[in-house]
Amino acid sequence: MSQFSTKERLLSAAEQMFAEHGFAATSLRQLTASADVNIAAVNYHFGSKENLITEVFRRRFDELSERRLTLLREAIQRDPLDLQAILSAFIVPAMQIGMEGEGAAFVRVVARAYAEKNERLRQFLSDNYGHVLREFARAIQHCLPALPKQDLYWRLDYIAGALTYAMADFGLIRRQPGVSEQEHCALAADNLLRFAVAGLRAPPAAG
């Protein structure tokens, strides 16, 4: 088995097990048994379980961030005041993750990250991907110059939370018979996008 395949097997097994059992409840012994490798492989490739957790996120979020930023730049180039196109660049790539191979498991891992208070993971995500949200915030602020910055960041937090909820398919709406996964995802993204645009355009809180 090559080093590359060993590392990928560990990442895939970790993603699946973290999705099913959470971070704290998944032991290295369970994880390595699932990946069919020995515990030394975890130390060799990642150094620790905590580093393995962050690499599970890095594997997906690097690509997601690049997609989002590419679409954001394209939207701004077409029309820097098109709020819907800017938000679409943030929402649609994330919604598409669940349709991509092992992506459904990663969506559940993201939901676990919100539910479990792992400060190290939160700091990792902030340090490595916070710039993406800041770029979107700048673009949205340009569209809505009268919206106070604090209100903007509150609303972006709400949108990110709603997006995670929609990605994990936790809500009341279920895919209808005869509707493909792609169609259901597109419908969910469209509804969330319209909701987010309306929320951002709402008047600032009084006082």
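Helices α4 and α5 run roughly antiparallel to each other, because their axes cross at an angle over 145 degrees, the cut-off for that label. Helix α4 covers residues 49-78 and helix α5 residues 83-96, and their axes come within 8 Å and cross at roughly 155°. Axes here are lines fitted to C-alpha atoms, for helices over the stretch in contact, with angles running from 0 to 180 degrees between N-to-C directions. The helices themselves are DSSP runs (H or I, at least four residues), numbered from the N terminus. Keep in mind that this is a predicted model: local features need pLDDT of at least 70, side-chain atom pairs count only at pLDDT 80 or more, and totals for chains, interfaces and linings use all residues. Residues are numbered from 1 along each chain as its sequence is written, and side-chain values use heavy atoms, with hydrogens and water left out.

Back to the pair. The crossing of α4 and α5 is right-handed, meaning that the near helix is turned clockwise from the far one by less than a right angle. On the α4 side, the contact (heavy atoms within 4.5 Å) is made by Leu 64, Arg 67, Arg 68, Leu 71, Leu 72, Ala 75 and Arg 78. Helix α5 brings Ala 85, Ile 86, Ala 89, Phe 90, Pro 93, Ala 94 and Gln 96. Sorted by class, that contact has ten nonpolar, one polar and three charged residues. Nonpolar here covers Ala, Val, Leu, Ile, Met, Phe, Trp, Tyr, Cys and Pro, charged covers Asp, Glu, Lys and Arg, and the others, Gly among them, are polar.

Now pick out Ala 94 in α5. With a relative accessible area of 1%, Ala 94 is buried (under 20%, using a 1.4 Å probe and protein chains only). Setting aside neighbours within four places in sequence, Ala 94 is in contact with Leu 64, Arg 68, Leu 163 and Met 167. Thr 164 sits 8.5 Å from Ala 94, C-alpha to C-alpha, though the two are 70 residues apart in sequence.

Thr 164 belongs to helix α8 and counts as buried at 9% relative accessibility. Not counting residues up to four places away in sequence, Thr 164 touches Val 110, Ala 111 and Tyr 114. Asp 151 is also found in α8, and at 15% relative accessibility Asp 151 counts as buried.

Helix α8 (residues 149-167) has a partner in α7 (residues 119-143): their axes come within 11 Å and cross at roughly 125°. Leu 133, Arg 134, Ala 137, Ile 140 and Gln 141 of α7 meet Lys 149, Leu 152, Tyr 153 and Leu 156 of α8.

What about aromatic rings? The whole structure holds nine aromatic pairs, counting Phe, Tyr and Trp (its six-membered ring) with centres within 6.5 Å. In one, the rings of Phe 61 and Tyr 129 have centres 5.3 Å apart and planes at 40°, so the pair is tilted (under 30 degrees would be stacked, over 60 edge-to-face). Phe 61 lies in α4 and Tyr 129 in α7, so this pair ties together parts 68 residues apart in sequence. Both residues are buried.

How values were computed. Helix = DSSP H or I, 4+ residues; strand = E, 2+ residues; numbered from the N terminus. Buried < 20%, exposed > 50% of the residue type's maximum accessible area, 1.4 Å probe, protein only. Parallel < 35°, antiparallel > 145°, perpendicular 65-115°, else oblique.
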